[in-house]
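This report describes selected side-chain contacts and surface features of one protein chain. Please consult the sequence and the structure shown below while reading.

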Amino acid sequence: MEHVAVLGVDFMAENVRAVMDGAGWADVGVYRMSSDAIGCSLAEAAESDVYYDYLKSSAGATKNNLHVIYINTSLETKARAHGIMPTITCTSSNVVTTILQAAAEIPDLTVYYGPDTYMGGNLADLFTRLVRLGDDEIRKLHPEHNVESIKSLLPRLHYFQE
């Protein structure tokens with residue numbers, strides 16, 4: 001592979017570059033196919049002072065904090081957020097697993113999700129509905145969780161509300 005052409009929003013090319021470098025493909029060229037700025041409302045929300053204030057006000061609230069940030073954000077946003085509290089990136093397809101795995105590994109974890117307010121609301125609703133299922137159904141999502149562990153996580157699951 002010699003080149004990667006990126007047709008997406010601005011931050012996608014920088015994310016591709018970072019992934020390629022991390023995978024040992026630093027010699028592969030990564031090119032944006034448009035010289036025009038192509039924005040993304042989610043990425044822009046995460047770059048706002050309101051979002052950073054949300055993270056800063058939450059950072060010292062509990063001992064074990066984790067910021068779960070949606071992948072559609074810039075590397076600068078991810079780095080700034082990580083400077084405020086430990087941050088991990090997720091996609092819409094792995095966000096539930098990411099949160100459950102982190103909660104299984106870190107005692108009394110408090111999760112702060114963002115910047116996608118809509119997804120955050122859906123996550124809160126999903127986790128609330130999970131407690132109505134039995135332990136066996138919850139273990140299908142993650143083997144280390146059950147009704148009690150999900151109930152315990154609910155008050156420690158927060159999301160950005162713009």
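## Aromatic pairs

Four aromatic pairs are found in a search of the whole structure. Rings of Phe, Tyr and Trp (its six-membered ring) count as a pair if their centres lie within 6.5 Å, and planes under 30 degrees apart are stacked, over 60 edge-to-face and the rest tilted. Tyrosine 54 and tyrosine 112 make an edge-to-face pair, with 6.1 Å from centre to centre and 75 degrees between the planes. Because tyrosine 54 lies in helix H3 and tyrosine 112 in strand S5 (residues 110-114), this pair ties together parts that are 58 residues apart in sequence. Helices (H or I, at least four residues) and strands (E, at least two) are DSSP runs, numbered from the N terminus.

Tyrosine 54 is buried at 14% relative accessibility, and tyrosine 112 is buried with a relative accessible area of 5%. Here buried means under 20% relative accessible area, exposed over 50% and partly exposed in between (1.4 Å probe, protein chains only). Tyrosine 54 also pairs with phenylalanine 160 in a tilted arrangement, 5.4 Å centre to centre and 55 degrees between the planes. This pair links distant parts of the chain, 106 residues apart: tyrosine 54 in helix H3 and phenylalanine 160 in the segment after strand S6 (157-159). Phenylalanine 160 is buried, at a relative accessible area of 2%. One aromatic cluster is formed by Tyr51, Tyr54, Tyr112 and Phe160.

## Basis of the model

The model is predicted: local features need pLDDT of at least 70 and side-chain atom pairs count only at pLDDT 80 or more, while totals for chains, interfaces and linings use all residues. Residues are numbered from 1 along each chain as its sequence is written, and side-chain values use heavy atoms, with hydrogens and water left out.

Helix H4 (residues 75-84) has Thr77, Lys78 and Ala81 as its buried residues. Seen down the axis of H4, these buried residues fall within an arc of 95 degrees (taken from the directions from the helix axis to the C-beta atoms), so they line one face of the helix. Exposed residues Glu76, Ala79 and Gly83 are carried on the face turned away from the buried side of H4.

The buried residues of H4 pack against H1, helix H2 (41-46), helix H3 (49-59), strand S3 (65-70) and strand S4 (87-90). Contact means heavy atoms within 4.5 Å.

## Salt bridges within helices

Side chains of opposite charge can pair when their charged atoms come close. A search of the whole structure gives five salt bridges, each defined as a side-chain nitrogen of Lys or Arg within 4 Å of a carboxyl oxygen of Asp or Glu. In one of them, the closest N and O atoms of arginine 17 and aspartate 21 are 2.9 Å apart. Both residues lie in helix H1, four residues apart, about one turn of the helix. Arginine 17 is partly exposed, with a relative accessible area of 23%, and aspartate 21 is partly exposed at 38%.

Arginine 129 forms a salt bridge with aspartate 125, their closest N and O atoms being 2.8 Å apart. Both lie in helix H6 (residues 117-130), four residues apart. In helix H7 (residues 135-141), glutamate 137 and lysine 140 are three residues apart, about one turn of the helix; the closest N and O atoms of their salt bridge are 3.0 Å apart. Glutamate 137 is partly exposed at 38%, whereas lysine 140 is exposed at 64% relative accessibility.
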